[in-house]
Amino acid sequence: MNKLAVLEIKFDFNGDKNTIYPVILSDKSEVILIDCGYPNFLHLIKGAAKKDGVDISKLTKIIITHHDFDHMGALAEFKREYPHIKVLSSIDDEKYISGKEKSLRLQQAEAIYDKIPEEEKESAKEFQRFIQKVENVQVDMCLKDRDSFSWFGGMEIIATPGHMPGHISVYLESSKTLISGDALIVENDKLMIPYPQYTLDIDNAKKSINKLLNYEIDRIICYHGGTYIKDIKESLQSIILD
């Protein structure tokens, strides 16, 4: 039996209250977590999964939609606790997750450092140090656009660059569900692209949204904002035109 659990992880980050929504997919042979939170989030995800009747120790795979610290931060912690778990990411993001190349988010933070006001520089340096501490993990399987798997009644990988160039989303054919990572967010009940300061290429992000119009989608699960189900096609079209 297929089961989709949307985890609600509430936490404080730098004094602000936040919520993220990782997803766990279970079928008769696979238990797959999509994105795994900030560093040291294993216990939070384990607790949320238990409430949904999912035993984290049964995980077979973790899919990372992109290498931002809030999506892969706890990956090394998971691998230490459960070494059997296989890590999957896009072929373009593998080099950042494994540490072969410097995080694009860190590169961005370093590039803007000299342009920010003096009073903000210490916190900016602290943010850089935070990203540098995220542990790298070897990727076991690289994914590319249109890769299809039988897991969970049919799963397709969709390359959705923009937020980051190697970003991927996951489409579940049987339930017409899109797990969007950070290709989309929900804020104030509105579907949108993450803010420009977090999206490295807005034009590409909009092209990715246009690509999603080729899919029959009844539900979008956003890592930031949760589940969105109303007027999906119209909402996607309005993002492209914005």
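**Reading the fold**

Mentor: Start with contacts, meaning heavy atoms within 4.5 Å. Of the contacts in the protein chain with a separation of 6 or more, 64% are between residues 24 or more positions apart. Keep in mind that this is a predicted model, where local features need pLDDT of at least 70, side-chain atom pairs count only at pLDDT 80 or more, and totals for chains, interfaces and linings use all residues. Residues are numbered from 1 along each chain as its sequence is written, and side-chain values use heavy atoms, with hydrogens and water left out.

Trainee: How many helices and strands are there in the protein chain?

Mentor: The chain has 8 helices and 16 strands. Both are DSSP runs numbered from the N terminus: helices are H or I with at least four residues, strands are E with at least two.

Trainee: Which residues of α6 are buried?

Mentor: First the general idea. An α-helix has 3.6 residues a turn, so residues three or four places apart point the same way. In α6, the buried residues are K121, A124, Q128 and I131. They lie on the same side of α6 because they cover an arc of only 75° around the axis, the arc being that of the directions from the helix axis to the C-beta atoms. Buried means under 20% relative accessible area, exposed over 50%, and partly exposed in between (1.4 Å probe, protein chains only).

Trainee: What do the buried residues of α6 pack against?

Mentor: They pack against α2 (69-72) and α5 (104-112).

Trainee: How many disulfides does the structure hold?

Mentor: A disulfide is a covalent bond between the sulfur atoms of two cysteines. Here the test is a pair of cysteine sulfur atoms within 2.5 Å, and the structure holds 0 disulfides. For C36, the closest cysteine sulfur is in C142, 16 Å away, which is too far for a bond. C222 has its closest cysteine sulfur in C36, at 18 Å, again too far. C36 is buried, at 0% relative accessible area, and C222 is buried at 0% too.

Trainee: What is phi of D35 near?

Mentor: Most residues other than glycine have a negative phi, and most peptide bonds are trans. Phi of D35 is near 70°, a positive value. D35 sits in the loop between β5 (31-34) and α1 (42-51).

Trainee: Is D231, with its positive phi, buried or exposed?

Mentor: D231 is exposed, at 53% relative accessibility. Its phi is near 45°, and its place is in the loop between β16 (226-228) and α8 (232-241). D35, by contrast, is buried, with a relative accessible area of 1%.
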